[in-house]
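The sequence and structure are shown here.

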Amino acid sequence: MDSRLESLLLGKSLNLSLRYLGYSVILMALFFGQLYLVGNSGMGNSFDLLMSPLGVTVSAIILAGVHTHRNDGILVSIAVAVIIMSGSTLYTVISLNHPQPHYGILTGVGSAILYGVPIGIVSSTVAFALRRFFPTQSAVAETK
């Protein structure tokens, strides 16, 4: 594969791409864990804005956009958005009264993909365009 195409799809720095994927897994666990603990044990109220679907969406937009702005990697940005969205969508499926195992997992992953892919595409496109129009504001990883 051409190196320019590879850097556009996966990012200029593989370590930075893996770091952002790790951040997205941490956020997914945070969203799922917070919703699961508050929803099932009555321990208190979760922070409404951050744990709402709007908060999860904004978090996915920000992290995917920051990754694209700093490191290119449109496919990695889409994966970041899908991973973050899956924390919220899997909880909503698990919280059903009598979910069937295959139905619940497929619906949760399908919902994450349904919402995460457009979020990742739009945020990475906007960040990519911003970096191209304002190159002095960018912190793209240097190729060695």
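## Overall fold

The protein has 6 helices and 0 strands, and along the sequence the pattern reads α-α-α-α-α-α. The model is predicted.

Of the 144 residues in the protein, 34% are buried. Among contacts between residues at least 6 apart in sequence, 74% join residues at least 24 apart.

## Helix 4

Helix 4 covers residues 53-71. Its 19 residues should span 27 Å at 1.5 Å a residue, and the C-alpha atoms at its ends are 27 Å apart, so the two values agree. After helix 4 comes D72, which has a positive phi, near 60°.

The buried residues of helix 4 are G55, V56, S59, A60, L63, A64, G65, H67, T68 and N71. In an α-helix there are 3.6 residues a turn, so residues three or four places apart point the same way.

## Packing of helix 4 against helix 5

Helix 5 covers residues 74-94. The axes of helix 4 and helix 5 come within 9 Å and cross at roughly 160°. An angle over 145 degrees counts as roughly antiparallel, and helix 4 and helix 5 are therefore roughly antiparallel to each other. Their crossing is right-handed.

On the helix 4 side, the contact is made by V56, T57, S59, A60, L63, A64, H67 and T68. On the helix 5 side, V76, S77, V80, A81, I84, M85 and S88 take part. By class, the residues of this contact are 9 nonpolar, 6 polar and no charged. The buried residues of helix 4 include V56, S59, A60, L63, A64, H67 and T68, and these residues are also among those that meet helix 5.

## Two buried serines

S17 lies in helix 2, which runs over residues 14-41. Its relative accessibility is 2%, so S17 counts as buried, the limit being under 20%. Leaving out residues up to four places away in sequence, S17 touches L10, G11, H67, N71 and V76.

S86 is placed in helix 5. With 10% relative accessibility, S86 also counts as buried. Residues up to four places away in sequence again left out, S86 touches M28 and A112.

Technical notes: Residues numbered from 1 in each chain as written. Predicted model: local features only at pLDDT ≥ 70, side-chain atom pairs only at ≥ 80, totals over all residues. Heavy atoms only, no water. Axes fitted to C-alpha atoms, helices over the stretch in contact; angles between N-to-C directions. Helix = DSSP H or I, 4+ residues; strand = E, 2+ residues; numbered from the N terminus. Parallel < 35°, antiparallel > 145°, perpendicular 65-115°, else oblique. Left-handed = near helix turned anticlockwise from the far one by under 90°. Contact = heavy atoms within 4.5 Å. Nonpolar A, V, L, I, M, F, W, Y, C, P; charged D, E, K, R; others polar. Expected span 1.5 Å × (residues − 1). Buried < 20%, exposed > 50% of the residue type's maximum accessible area, 1.4 Å probe, protein only.
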